[in-house]
Amino acid sequence: MAAIFTVDPRSGVPIYLQLIEQVKRGVALGTLAAGEQLPTVKALALELTVNPNTVARAYRDLERDGVIETSPGRGSFVRNNGTASSELRTDVAEPALDNAIRTAKGLGLDSNEVRRLFARALSRWYPGEES
Amino acid sequence: MNPAPPVIAFDNLTKRYRNFEAVHDLTLHIQAGSICGLLGPNGAGKTTAMKTLLGFLRPTSGSTAVDGAPVTPQTFEYLSYVPETDALFGELTVAQHVELNRLSQPRHDESRAQELLGVFGLDRRKRVRKLSKGQKTALALVLALASKPRVLVLDEPSSGLDPVFQRVVLDLLIDAASEGGTVLFSSHQVGQVERAADHVAIMRGGRLLVYSDVDSLKGQEKIIEATFPSSIPDLNGALRVDAVRRIDHAGNMVRISVRKDDGEIAQRLAPYNPTSIRVVDRNLEDIFLDVVSEKN
């Protein structure tokens, strides 16, 4: 079963970035296994009704980042790279944390207040662990 | 090695009717494999630009080209054009139109034509005058695509079509581009351009205001919302930079539309001690409305 991606073209986030994020997330979570074949550019463009050059751009960037590899004539595959998965998890998680901190900073909180909120959130999500 | 010429080129094109300038100094190049969406309010010059490209109108000055040369009758063997108002014959049936196309278009592919009729659910026996607006649009598209053209110029290719068939049209354009075809299409629906196009051109009053890669444009255009404790200080000094498109005030908040900003505006606001600064992404519709409503 091929991977299923979704994009929101009306979002302000460029479509190729949405695709990159989803592939990385899929690899990080293991829903895209090492060696798994990705849809061709044309197939994915038609499945999502998005521009083929946009899909190609996402694949190019993913290849540059070592997430996938493309062999001419055969297609694109998730790279067989043992360490990639844990690195990708931080790759996906870090921007989400950045967003949260940007919001807090935008609201005028200083770093001590943010740290206090962060500790509180940590204890909610990792109960029983000392922070 | 010379790079390949753009498949579609407008170079300093100006088209004047008596004392009305429909297109002013338009320069726009579209490369092979690209889908360019052309947006603009009515009267922006979209149709005039297309008709001049196709040789139906003579430029007042400047030039247009397909594959680096002016359009000739032979160009239409691999270029298809769908005009804004259909060029169909009311008394002929759908099947007769397909037959006419087969006789007049050397590259007509009958099985492709039949396949496309099926895709749009068109009744072959129906006379064109009995078709709905959307069905006429669909028939014009079937005839245009039956020759598997390498270049497509479409003026409002989905007018009158319901959302399901609008999506079919976009998929046909995407299919053409992924086989290396080049597409220029105008639309009033920003969402279609946002999905299917890799490049967007925005015209107003005969002038090209924006021509950009859609993803880069969305990545650059932001709104910065800054809130201040009581009233908004005089920010004119801080905001007098090229990147600022528009400034709106709402109570103690100021919304600044910026282009090509890399955090400069937010830094310039910091000395005024805003209580909050928020950067908001913008979709193509926001950007379009901003661009066409901008003062000259």
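Chain B is divided into domain 1 (8–216) and domain 2 (221–293), the bounds being those of an automatic or database domain assignment. The structure is a predicted model, in which local features need pLDDT of at least 70 and side-chain atom pairs count only at pLDDT 80 or more, whereas totals for chains, interfaces and linings use all residues. Residues are numbered from 1 along each chain as its sequence is written, and chains are lettered from A and ligands numbered from 1 in the order in which they are written.

The C-alpha centres of domain 1 of chain B and domain 2 of chain B lie 38 Å apart. The contact between them takes 11 residues from domain 1 of chain B and 6 residues from domain 2 of chain B, two residues being in contact if their C-beta atoms, placed from the backbone, lie within 7 Å. On the side of domain 1 of chain B that touches domain 2 of chain B, at least two residues each are supplied by α6 (190–196), β8 (199–204) and β9 (207–213) of chain B; helices (H or I, at least four residues) and strands (E, at least two) are DSSP runs, numbered from the N terminus. By class, this side of domain 1 of chain B has 9 nonpolar, no polar and 2 charged residues, where Ala, Val, Leu, Ile, Met, Phe, Trp, Tyr, Cys and Pro count as nonpolar, Asp, Glu, Lys and Arg as charged, and the others, Gly among them, as polar.

Taken as a whole, chain B comes to 10 helices and 13 strands, and its C-alpha trace spans about 75 × 45 × 40 Å along its principal axes. Of the 296 residues of chain B, 39% count as buried, a residue being buried if 20 or more other C-beta atoms lie within 10 Å of its own, exposed if 12 or fewer, and partly exposed in between, with C-beta atoms placed from the backbone. Among the contacts in chain B with a separation of 6 or more, 71% are accounted for by residues 24 or more positions apart.

An open sheet of 4 strands in chain B has the order β11-β12-β10-β13, with antiparallel pairing; two strands pair if DSSP finds at least two bridges between them. Strands β11 and β13 of chain B stand at the edges, each with a single partner strand, so one side of each is left without a neighbour in the sheet. Neighbouring strands of this sheet are turned by 20 degrees against each other on average, direction ignored, the axes being lines fitted to C-alpha atoms (for helices over the stretch in contact) and angles running from 0 to 180 degrees between N-to-C directions. Strand β10 (residues 222–227) of chain B pairs with strand β12 (residues 253–258) of chain B in the antiparallel sense over 6 bridges, with B:A226 opposite B:V254 and B:T227 opposite B:M253. Strand β11 (residues 244–250) of chain B is likewise joined to β12(B) by 6 bridges, and these two strands run antiparallel, B:A250 standing opposite B:M253. The hairpin of β11(B) and β12(B) has 2 residues between the strands, and B:G251 takes a positive phi near 60 degrees there.

Between the chains, 21 residues of chain A are in contact with 26 residues of chain B. Helices α1 (15–29), α2 and α3 of chain A each supply at least two residues of the side of chain A that touches chain B, and the largest share, 4 residues, comes from α2(A). The residues of this side of chain A divide into 11 nonpolar, 8 polar and 2 charged.

The buried residues of α2(A) are A:V41, A:L44, A:A45 and A:L48. Seen down the axis of α2(A), these residues fall within an arc of 100 degrees, so they line one face of the helix, the arc being that of the directions from the helix axis to the C-beta atoms. An α-helix has 3.6 residues a turn, so residues three or four places apart point the same way. What covers the buried residues of α2(A) includes α3 of chain A together with α5 (163–178) of chain B.

Most residues other than glycine have a negative phi. Just after α2(A), however, A:T49 takes a positive phi of about 50 degrees; A:T49 lies in the loop between α2 (41–48) and α3 (52–64) of chain A and, with 18 C-beta neighbours inside 10 Å, counts as partly exposed. In chain B, phi of B:N273 is also positive, near 50 degrees. B:N273 is found in the loop between α9 (264–269) and β13 (276–281) of chain B and is exposed, with 10 other C-beta atoms within 10 Å.
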